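The sequence and structure come first.

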Amino acid sequence: MSLRVLYIGGTGVISSACVRASLALDHEVHVLHRGSGSHREPPGGVVVHQGDVRDPASVRRAIGEERFDVVADFVAFSPEHVRTSLALFAGRSGQYVLISTTAAYQKPAAILPIRESTPLRNPYFAYARDKIACEDVLVHEYRERGTPVTVVRPSHTYDRTLFPMDSGWTVVQRMREGRPVVLPDGGRPLCALSYADDFAATFVRLLGDPRTHGEAFHITSDEAISWRQAFDAVAVAAGAVPRYVAVPSEVIATHDAGWGEVLLGDRAHSSVFDSSKVRSLVPQHGSTVSFAEGARRIVAWYDTHPEAQVRELGREALMDRLVAAFDV
């Protein structure tokens, strides 16, 4: 089915993969972004509209009276963002899709695997709470007005340019130098690390499907691994023998509130997902890239892009302090 799809964003890790997947399905693909010079600029064949979705007047100038079968919003992070987008495209879109997050699910989950019916509650992570509030707006919109809305929740989605664990290149360089790496909670929690192209292949097949209206779906890898296994995969890809120092997430949070919020609000809790709901609509949903392969792609990309090899000196200094306290 040929669709006219507008991606709000379109140059991020996930959205750029979805743009490519839409093109592969012969969608007429439009992208609305600010023209900020991302290295993931839309490929040929995409209609680019330059405007800032936070400035409705600029959006109206950019897209005129265009109508779309689908508007996929990758940059809505607050209820007000969602309300603005809904108002902008009211009567001009057959489906509004919000990109939310699996961090919105109950933390810690009382029952595994996590399903779409798992309660949404995260008292630790402001980002997740804001996404829950965004979803609440859409639930009300669908119930009260029947607006065709869909929620999609990714989990730790990455591409070759992005490490899905904290501190990124800093961790790789420390491993290669033989310096110890802080491993929150010993790496015991389970995670689902999804390659962006795998996410996108499923995502684009939900577009334009009326069965998705009023529904939420998570799209995640079926490969459940521990964070320790994820770090190990990066070490193998980097040709390093890692030395880990386990530090509780609660301790990290007392030293670095931002890092601690991400840990306590997401990564410190095992997240294993049941994909049966999305697979009921997209039978081909699945993971073609294991994290072992994904890690090889990431390290290879960074090794050929020295400009991206940025070390987080503040994080390194904190790691050194934590290692001194916990390396016993």
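This is a predicted model: local features need pLDDT of at least 70, side-chain atom pairs count only at pLDDT 80 or more; totals for chains, interfaces and linings use all residues.

## Aromatic pairs

The structure holds 12 aromatic pairs, a pair being two rings of Phe, Tyr or Trp (its six-membered ring) with centres within 6.5 Å, called stacked if the planes are under 30 degrees apart, edge-to-face if over 60 and tilted otherwise. Residues are numbered from 1 along each chain as its sequence is written, and side-chain values use heavy atoms, without hydrogens or water.

The pair of Phe163 and Tyr302 is also tilted, because the ring centres are 4.9 Å apart and the planes at 45°. Phe163 sits in the loop between strand S7 (157–158) and helix H5 (168–176) and Tyr302 in helix H11 (residues 291–303), so the pair ties together parts 139 residues apart in sequence. Helices (H or I, at least four residues) and strands (E, at least two) are DSSP runs numbered from the N terminus. Phe163 and Tyr302 are both buried. Elsewhere, ring pairs join Tyr7, Phe74, Phe199 and Phe203 into a cluster.

## Charges over rings

Arg297 lies over the face of Tyr195, 5.0 Å from the ring centre, and Arg315 over that of Trp259, at 4.0 Å. The criterion is NZ of Lys or CZ of Arg within 6 Å of the ring centre and within 35 degrees of the ring normal.

## Helix H9

Trp259 is one of the buried residues of helix H9 (residues 257–267), along with Gly260, Leu263, Gly265, Asp266 and Arg267.

## Cavities

Two cavities of 30 Å³ or more are found in the whole structure. On a 1 Å grid over the protein atoms alone, a cavity is a set of points where a 1.4 Å probe fits but cannot get out, and lining residues have an atom within 4 Å of a point. The largest cavity has a volume of about 120 Å³, the volume being the space filled by probe spheres set on the points, which are joined across faces, edges and corners.

Its lining has 14 residues, with Asp166, Pro184, Trp227, Phe231 and Leu263 nearest the centre. S8, H7 and H9 are the elements that give two or more residues to this lining.

Technical notes. Buried means under 20% relative accessible area, exposed over 50%, partly exposed in between (1.4 Å probe, protein chains only). On a 1 Å grid over the protein atoms alone, a cavity is a set of points where a 1.4 Å probe fits but cannot get out, and a pocket is an open set with protein on both sides within 12 Å along at least five of seven lines; lining residues have an atom within 4 Å of a point.
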